[in-house]
Amino acid sequence: MDLFSLNDVERHLDIIPSDVFNLKTMLAKGEQAILYRLARDFVKPGHAIIDAGAFLGGSTYAFAAGLRDRTDSGSFHGSVMSYDQFLADEPYLREYLQDHFPDSTIDVSKTFSFRHLYDRQVAPVKDYVTTIEGSLLAQSWDTAKPIDVLFVDVCKTLPLNQFVLEHFFPALIPGRSVLIQQDFHHIFHPYIHVTMELLKEYFETIVSGMAASRVYVLKKAIPPHVLQEVIDYAYDRETIVKALDDVVTGSAKMEKPLLRYLVPWMYHQWGDSGTAHQLAEEVTDHLHAGGYIIPPQAYIAFPKMKRVD
Ligand SMILES: C[S@@+](CC[C@H](N)C(=O)[O-])C[C@H]1O[C@@H](n2cnc3c(N)ncnc32)[C@H](O)[C@@H]1O
């Protein structure tokens with residue numbers, strides 16, 4: 001499979017079976033199509049697909065349907081390793097479930113399990129799936145088991161990012177494995193961007209922007225001491241800010257407006273609302289002057305970056 005053909009998936013959505021799109025998911029159709037194509041046309045028997053952060057199974061289903069539609073589908077039973085704790089413990093998850101299951105009897109005022117909703121959605125393709133329920137932080141992966149596709153939609157905290165780096169990255173195959181960072185076109189988890197910037201000589205970008213995702217191939221093996229450094233994440237502020245600036249410099253034109261808000265958001269995370277606010281204003285002025293549309297995410301982030309003193 002020519003991995004660069006994944007850039008065109010949105011123009012060929014008609015070749016993806018409609019059931020892939022016929023369920024509730026936070027993913028865009030282009031992202032689902034990429035997962036389907038990788039499972040159908042790229043993954044080798046005996047190599048794993050990791051779906052880290054399955055939620056209601058939208059990503060799981062796209063992968064599993066791709067395996068189902070292969071002539072050698074019998075070799076792929078249980079091949080999609082689908083991880084989630086299936087707990088609506090964050091407001092954004094509860095809001096999504098409330099909006100998309102309005103008739104449900106779920107009490108959205110407190111944490112609850114949505115595993116039954118995942119099971120219901122994934123049922124038609126469940127033979128291709130191994131579901132691992134629980135915190136990812138309590139799992140492990142035998143790095144001798146090669147991973148062909150690593151889909152990451154779970155790095156909502158630094159420890160989760162560290163887990164993915166420590167347990168899954170060593171099982172990626174140099175010159176072959178595909179990594180999808182689904183939170184790349186978000187500013188809310190900057191350690192993902194710092195990590196990918198500091199590992200950039202090992203990865204080649206295949207698709208720079210498909211909804212929130214960036215797709216990479218691992219070009220060459222990451223030396224263990226280099227990987228350990230990003231796992232440890234013992235960087236000072238100067239290193240982090242430089243890495244985030246470099247992310248913007250190296251990004252595609254359409255990615256830049258949003259990614260420019262990474263540094264302001266980082267200062268907000270550090271509790272420096274004054275600098276966060278000032279930098280966010282500068283970015284906004286710069287974008288206005290250039291005739292750019294301000295990304296909606298910036299409007300979500302901006303009130304939080306307001307000076308609090
Ligand atoms: C943005 S959602 C994933 C969306 C999904 N890929 C889809 O296709 O719609 C992120 C998921 O990460 C899961 N998650 C967050 N922290 C976790 C943890 N510590 N262990 C396992 N899953 C976790 C959440 O339960 C949530 O379902």
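## Strand S5

A residue counts as buried if 20 or more other C-beta atoms lie within 10 Å of its own. In this predicted model, strand S5 (residues 178–181) is covered on both faces. Val178 and Ile180 are buried on one side, and Leu179 and Gln181 are buried on the other.

## Neighbours of S5 in the sheet

Strand S4 (residues 147–152) runs parallel to S5, and 4 bridges join the two. Between S4 and S5, the chain passes through helix H5 (residues 158–168), and this β-α-β crossover is right-handed. Leu150 stands opposite Leu179 of S5.

S5 also pairs with strand S7 (residues 213–218), here in the antiparallel sense, over 4 bridges. In this pairing Val178 stands opposite Val217 of S7.

## Helix H6

Helix H6 (residues 190–198) is largely enclosed by the rest of the structure, because 7 of its 9 residues are buried. The buried residues of H6 are Pro190, Tyr191, Ile192, His193, Val194, Thr195 and Met196.

Several elements cover these residues, including strand S5 and helix H5. Strand S6 (203–210) is also among them, as are the helices H7 (224–232), H8 (237–249) and H10 (262–269).

## Domains

The domain assignment of the protein chain gives domain 1 (3–232) and domain 2 (260–305). Their C-alpha centres lie 28 Å apart.

Contact between the domains involves 5 residues of domain 1 and 6 residues of domain 2. On the side of domain 1 that touches domain 2, there are 3 nonpolar and 2 polar residues, and no charged ones.

Key. Residues are numbered from 1 along each chain as its sequence is written. This is a predicted model: local features need pLDDT of at least 70, side-chain atom pairs count only at pLDDT 80 or more; totals for chains, interfaces and linings use all residues. A residue is buried if 20 or more other C-beta atoms lie within 10 Å of its own, exposed if 12 or fewer, and partly exposed in between; C-beta atoms are placed from the backbone. Two strands pair if DSSP finds at least two bridges between them. A crossover is right-handed if, with the strands pointing away from the viewer, the path from the first strand over the helix to the second runs clockwise. Two residues are in contact if their C-beta atoms, placed from the backbone, lie within 7 Å. Domain bounds come from an automatic or database domain assignment. Ala, Val, Leu, Ile, Met, Phe, Trp, Tyr, Cys and Pro count as nonpolar, Asp, Glu, Lys and Arg as charged, and the others, Gly among them, as polar.
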